[in-house]
Amino acid sequence: MKRRIEKVVVLGAGTMGARIAAHFANAGIPVLLLDIVPPGLTSGSAAERNKIVRAGLDAAKKSKPAAFFTAALADKISIGNFDDDLQRIKDADWIIEVVAENLEIKKSLLARVAQFRKPGSLVTTNTSGLPVHLIAEGMSEEFQQHWAGTHFFNPPRYLKLVEIIPGPKTLPEVRETLAEFCDRRLGKGVVVAKDTPNFIANRIGTFSMLNALRLMNQLGMTVEEVDACTGPAIGQPKSATFRTADLVGLDVLMHVVKNIYETATDDESREMYKLPAFVEDMAKRKWLGDKTGQGFYKKLRGEGEKEILTLDVNTMEYRPRQKARFASIEAGKTIEDTGDRLRGLIGPILQGQPGDKAQQFLWSSISETCLYAARRVPEISDRVEDVDRAVRWGFVWELGPFQIMDTLGVEAFAAQIKKEGRALPPAIEKLLASGRKSFYTSEKGTTSVFDLNGAGTRKIEEPPGVVFLKSFKDAGKEVERNSGASLIDLGDGVLCCEFHSKMNAIGSDLISMIHKGLKRLETDFDAMVIANQAANFSVGANLMLVLMGAQEQEWDELHLAVKQFQNANLAIKYAPKPVVTAPQGMALGGGCEVSLHGARIQAAAEAYMGLVETGVGLIPGGGGTKEMMIRANERAGGGEDLDLFHAMKPMFETIAMAKVGTSAEESRELGFLRREDGVSMNRDRLVGDAKEAALGLARGGYRAKAANWQEGAQTTQIKVLGEQFLTGAKLVIHMMQRGGYITDYDAHVGRKLGNILAGGALSSPQFVSEQYVLDLEREAFVSLCGEKKTQERIAHTLKTGKPLRN
């Protein structure tokens, strides 16, 4: 019988505790958040005694990036303190300890917890490095059977990794319950780690950071030069090394390093876990990073744009930021694939060439990190894939250390290591001795990994419901393809239309494949999913093509292009069998419009949906405005005209202000998702969840909204208010213009939008067809394309990635 986790208690309302509580609230779980009574306070009101926990929760509410999907979800958290409210944990199914990293403090609190918890409730610690078995030492047998470490990464909402560290007596069912709950309900990637110093991700990631510090000094590099080498150039976050250190906090880094040095006494690289003198100096000066306003970088806020200064670690003085210039890094920017880029950067070194300073740094940094990871197996984990997953999910690397060695070629990597007189770890020697040339092998959609405990390979099993489109394509399930999209047979009668153009921008290739998919759906499949597994679902229309058409005054071609996109979206909506759209990441402009036309939306929890066309001086032209009008009608529920006006007004503001939902739930509040639309907390489950949603509709006797829809057919009737709404919209625009919130041109675009939402020049409320509204959309879109200021906005956005307020 599976355990149910319906009530959670979080002990400790610091940065991590409050944000872990917030993420449980995001998952819809009621949370009790407790912390200490302010020192020295022996009486007082509940507000006074809960001052510390309240401050922690308030900080989580204000945190950036946001800890909560929506502000309202904070209501799922109730607060209290350890002295007055610890007995309230008796109803909890899971109690998570997140107090200070001090063994005695943790043990003392757990002894008090044991007095009140119900038998069978799970108790875990979020320690980042203390021995999990020591924290629960001396507790009852039953307590230790339900005890484990659950190490979340900060910020918990956004970083995927949770390391589960079983204790010596942890029941298998407890580990399985935690893993499944973290995966399905919290959206986490779960790795089971051994109870070793700082577990997996922090052990490898911290070594990598300290190695970068060592090499910076050895090669005489600046902070900017190291960050240029350790960011996107090698598939790592933009924060690279030193921006990451500022975000995490130098005090946290120092604590982790100190803990590893003191506890990893058998680590052959233990002396690496000592911080350079300049870091100790920074700590004394309280230059801890973002939390103190300065660290390796310092922001100066004055009039206009802020200036960012960089620390010169030799003089310990801040200076203006300097751009790092390495020919190899610049050349790598032209290579899109991370693996190809790594081979381009490191390849010359493996071929005996000296390379520039960046290449020397990268080879030394990457090779030492890979060797260290290989030496840590099987100490920290028996599975190389879990080491890779932990580093990828915890530090947001695109490739883990064993994947990096495969990318460079293990044989070439090992040969260069030997040439330099460095020792190969047993894990690499064992692989090469077996005759294999890589840790991972893939064949027909199945990935296997070298088993260090045996002599062969072991198939990597994904949890049920986790779907990777690449595996289907590798298995020969791609039924059609062009440069912008593919059709993939997902099995069980479900077809997937996958976008894979650059940024998944909407163009003729995508539209063509949507139509081909719908045609195949009619004859060969029961349901269809529109999904992809890129960083973003789609950023919208190909603005470069729009700008070129406008500058060449190709109005007929622009009309036709918009009409074709409108028709594709209508075809999705009125397909005879269900089509489920599955947005993730950014689903903006045209990407949002495609999503809105599905029979159902199954969105990733981190789906950022918005009709953002007004930002470039346009209005949604692919049916997005029309779909929001339909949703306003649904919210009005067929009531009085005033009800529809009040439902339409926020839709107008959402589109006019180019509002974007910062989560699927906020997108629901903005009207992009309906009540019945689903949300997948774990992005790896999104395609599988969308498939199940599509099959559910098909098996439930799905009826198309209009049988055999074709252009010109009657579709949904939309009630519009005409002049009654347009007058109100113009008043809103006028007030915003007078308040300085929008420019004169924003107002011009807003009036065009208001005219569409009003249903055009109508003197009284009436019902109109979808095609009528689409024609209004298209006319407004193309007319705005002809405006000089719109063209300036598009050109500026293409050049800078930022909107222009002209």
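Three strands make up an open sheet in the order 9-10-11, with antiparallel pairing; strands pair if DSSP finds at least two bridges between them. Strands here are DSSP runs (E, at least two residues) and helices are runs of H or I with at least four residues, numbered from the N terminus. This is a predicted model, where local features need pLDDT of at least 70, side-chain atom pairs count only at pLDDT 80 or more, and totals for chains, interfaces and linings use all residues. Residues are numbered from 1 along each chain as its sequence is written, and side-chain values use heavy atoms, leaving out hydrogens and water.

- Strand 9 pairs with strand 10 (residues 307–312) in the antiparallel sense over four bridges.
- Across this pairing, Tyr297 stands opposite Thr310 in strand 10.

**Aromatic pairs**
- The whole structure holds 16 aromatic pairs, meaning ring centres of Phe, Tyr or Trp (its six-membered ring) within 6.5 Å, with planes under 30 degrees apart stacked, over 60 edge-to-face and the rest tilted.
- Phe278 and Phe296 form an edge-to-face pair, because their ring centres are 6.4 Å apart and their planes stand at 80°.
- Phe278 belongs to helix 13 (residues 277–284) and Phe296 to the loop between helix 13 and strand 9, so the pair ties together parts 18 residues apart in sequence.
- Phe24, Trp94 and Phe181 form one aromatic cluster.
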